[in-house]
Amino acid sequence: MEHYTIRVYPDPVLRRETRPVMDFDQELVELARNMEEIMFANDGVGLAAPQIGLSLKLAVVFYEGVLYCLINPEIISSKGDDYMEEGCLSFPGIYGKVRRPLSVSVKSFDLDGNEQILHAEGFLARAFCHEIDHLNGKLLIDHFSPMKKSLARKKLFRLKKEKGLGEDE
Ligand code: CO
């Protein structure tokens, strides 16, 4: 099994453009399984490929006992408005309220390459939006006010300095 680590902001891979999944093969199945394990090991509810350093349109979400695999996902419709606190494995210790739709329909592919439409509400809709943001290089703190964003960035730059992690974005 390949060893991946969670990439923490300001790791530049979190901003990099992602490419669509083209090959629905055994390698993809193994990668998705790998991501599930990393998500569970870190108590996350979702994980997107850029968060383990891969610029690929792939994310996993686990909610109420169901595992969702989002491949080349696209939000095709959304409704309502909801304002709730969110966190992210790439932003340890950072939480903030983010406005999201109350419900979404997402077009995606499953691991066999079949197109599927997923309907989600509330927390699950929020999780889907958060992961799809990742695949577009958009991050938790981009939803914060400029002041809150700047405080969060400072906190993580400090953390990075202490740990001597990676490069800046
Ligand atoms: Co995240």
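**Close-up views of the predicted model**

With 18% relative accessibility, Tyr68 counts as buried, a word that here stands for under 20% relative accessible area, while exposed stands for over 50% and partly exposed for what lies in between (1.4 Å probe, protein chains only). The model is predicted, so that local features need pLDDT of at least 70 and side-chain atom pairs count only at pLDDT 80 or more, whereas totals for chains, interfaces and linings use all residues. Residues are numbered from 1 along each chain as its sequence is written, and side-chain values use heavy atoms, with hydrogens and water left out.

**View 1. The aromatic pair of Tyr68 and Phe128.** Among the 6 aromatic pairs of the structure, counted where ring centres of Phe, Tyr or Trp (its six-membered ring) lie within 6.5 Å, with planes under 30 degrees apart called stacked, over 60 edge-to-face and the rest tilted, is that of Tyr68 and Phe128, whose ring centres are 5.4 Å apart and whose planes stand at 80°, so the pair is edge-to-face. It links distant parts of the chain, since Tyr68 belongs to strand E3 (residues 66–79) and Phe128 to helix H2, 60 residues apart; helices (H or I, at least four residues) and strands (E, at least two) are DSSP runs, numbered from the N terminus. Phe128 is buried, its relative accessible area being 0%.

View 2. Cys88 (SG), His130 (NE2) and His134 (NE2) lie 2.1 to 2.2 Å from the cobalt ion as its protein donors, donors being N, O and S atoms within 2.8 Å of the metal (3.2 Å for Na, K and Ca); water is not among the atoms, so sites may look incomplete. The donor residues follow the sequence spacing C-x41-H-x3-H. Both His130 and His134 are in helix H2 (residues 122–135), 4 residues apart, about one turn of the helix. An α-helix has 3.6 residues a turn, so residues three or four places apart point the same way. His130 counts as buried at 7% relative accessibility, and His134 does so at 1%.

**View 3. Helix H2 in its surroundings.** Of the 14 residues of H2, 12 are buried, so the helix is largely enclosed by the rest of the structure. After H2 comes Gly137, which has a positive phi near 70°.

View 4. Strands E6 (residues 103–109) and E7 (residues 115–121) run antiparallel and are joined by 7 bridges, where pairing requires at least two bridges found by DSSP. Phe109 stands opposite Glu115 in E7, and in the hairpin, with 5 residues between the strands, Gly113 takes a positive phi near 90°.
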